[in-house]
Amino acid sequence: MSTDRTTDGTTDEQIRAGVIGVGSMGENHARIYAELPRVELVGVTDHDDGIARRVANEYGTEPVDLETLCERCDLVTVAVPTHAHYETVSACLEAGVNVLVEKPIAETVEQGQKLAELAREAGLILQVGHIERFNPAVQTVEELIDELDVISIEAHRLGPPIDRTAPGNVVFDLMVHDVDVVGSILDEKPHSVAAMGAENGQYATATIEYDDVIATVTASRVTQKKVRKLTVTARECLVEVDYLEQSVLIHRDSYPEYLTDDGQSRYRHESVVERPRVDTGEPLRNELESFVEAVRTGTEPEVTAEDGIQALETVQLIDRLAMGATDETDDEPPQEPEVEA
């Protein structure tokens, strides 16, 4: 990328992008980079040469090795298995390339901290792929939250996996999305965590205490209905978010009453329901547009390495508690995540 910049610090030069790991999630990153204005997809790489060639052909680029890709790129997405995050992201940062790494940031908090330090020292952007931050419905709630006196937040991320199997760990694969969203909405770190699990790690629920708010998050692969919802209880209203429909409902002035009609009593409960406008769109596209803009302007990304580290630290504790731990032990790396949201 050229260093020629405008008076406000931005540049109109073409951004050169690449993708490392082009499985189902990585291929979507390649697709969007190929479509974004002022972005050129200059290459992809994968441990499976056949997959790399297919994706490269599909999106008008070419398959290359990691070293060559880093030499060509201003920024890359790292969408490799979690156990390879630290090594791959380190190599990219050391080569002077800005990185968006899919969640979780690394296998351990210590690895995440080392990556954050490496990016800081190199003056590079390291963004973590917590995609629900870029769901238009979540962004709408974040615009409202400062006006509310929040009491509690509940999140449910339920439903069987796409291929009807249950690999990986439901806390690291699914619950981490809502842990990150709640922390972002409240802009706070948790004080305490309690959690329980069932069905060999395929169902878990956690209660997380913040300054003045209690959050309850549940994740499940054994629930036979896909649910992706967030509910905010505030003194002023109740806010319901549907991640899938990208919708927000605000319930206000709720009151019950009993009516008498022809000697028959009946119960009625009424409330005012507001439907704020949500500019719907593809969260992944929003995420990559934000990443490109951070690189282009040299500004802090929407989801920082520190955000990713905090989410990882919290879900590691939740996982230990859900598996029956009674005290804190050394961090255990997450199992390989399935591509789920």
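Colleague: In β9, which residue is the bridge partner of Ala155?

Modeller: The bridge partner of Ala155 in β9 is Val217. Please note that this is a predicted model.

Colleague: And what is the bridge partner of His156 in β9?

Modeller: His156 has Thr218 as its bridge partner there. Both pairs belong to the pairing of β6 with strand β9, which covers residues 214-220.

Colleague: In which sense do β6 and β9 pair, parallel or antiparallel, and over how many bridges?

Modeller: The two strands pair in the parallel sense, over 7 bridges.

Colleague: Which strand does β8 join, and how do the two run?

Modeller: Strand β8, residues 203-209, is joined to β9 by 7 bridges, and the two run antiparallel. One of the pairs is Ile208 with Ala215 of β9.

Colleague: How many residues lie between β8 and β9?

Modeller: There are 4 residues between them, and the two strands form a hairpin.

Colleague: Is β9 mostly covered or mostly open?

Modeller: β9 is mostly covered, with 5 of its 7 residues buried.

Colleague: Back to β6. How many bridges join it to β10?

Modeller: Strand β6 (residues 150-158) is joined to strand β10 (residues 227-234) by 8 bridges, and these strands run antiparallel. Within this pairing, Ile153 has Val232 of β10 as its bridge partner.

Colleague: What else is Ile153 in contact with, leaving aside neighbours within four places in sequence?

Modeller: Its contacts include Val182, Ile185 and Leu186. Among the others are Val213, Ile214, Ala215 and Thr216, as well as Leu230, Thr231 and Val232.

Colleague: Which residues touch the most other members of the largest nonpolar core?

Modeller: Ile105 and Ile153 do, in a core of 74 residues. The element that gives the most to this core is helix α7, residues 170-186, with 11 residues. A second, separate core has 24 residues, including Leu75, Leu284, Val292 and Val295.

Colleague: What distance does α7 reach from its first C-alpha to its last?

Modeller: Helix α7 reaches 23 Å, close to the 24 Å expected at 1.5 Å a residue.

Colleague: Where does α7 bend?

Modeller: The bend is at Val176, and amounts to about 45 degrees.

Colleague: What is found at the start of α7, and what follows the helix?

Modeller: At the start, a side-chain oxygen of Asn169 comes to within 2.7 Å of the backbone nitrogen of Val171. The helix is followed by Asp187, which has a positive phi, near 55 degrees.

Colleague: A new topic: Thr88. Is this residue buried or exposed?

Modeller: Thr88 counts as buried because its relative accessible area is 10%, and buried means under 20%. The residue is found in helix α4, residues 85-94.

Colleague: What does Thr88 contact, leaving aside neighbours within four places in sequence?

Modeller: Thr88 is in contact with Ile20, Val78 and Val80.

Colleague: Why is Leu244 classed as partly exposed?

Modeller: Leu244 has a relative accessible area of 46%, and that class lies between 20% and 50%, so the residue falls within it. Leu244 is found in the loop between β11 (238-242) and β12 (247-261).

Colleague: Which residues does Leu244 touch, not counting those up to four places away in sequence?

Modeller: Leu244 touches Lys226 and Arg228. Although Leu244 and Arg228 are 16 residues apart along the chain, their C-alpha atoms are separated by 6.3 Å.

Terms used. Residues are numbered from 1 along each chain as its sequence is written. This is a predicted model: local features need pLDDT of at least 70, side-chain atom pairs count only at pLDDT 80 or more; totals for chains, interfaces and linings use all residues. Side-chain values use heavy atoms; hydrogens and water are left out. A nonpolar core is a set of buried Ala, Val, Leu, Ile, Met, Phe, Trp, Tyr and Cys residues joined through side-chain atoms within 4.5 Å. Buried means under 20% relative accessible area, exposed over 50%, partly exposed in between (1.4 Å probe, protein chains only). Contact means heavy atoms within 4.5 Å. Two strands pair if DSSP finds at least two bridges between them. The expected span of a helix is 1.5 Å times one less than its number of residues. The bend at a residue is the angle between axes fitted to the seven residues ending there and the seven starting there. A polar contact is a pair of N or O atoms within 3.5 Å; within protein, one must be able to donate a hydrogen and the other to accept it, and residues adjacent in sequence count only if both atoms are side-chain atoms.
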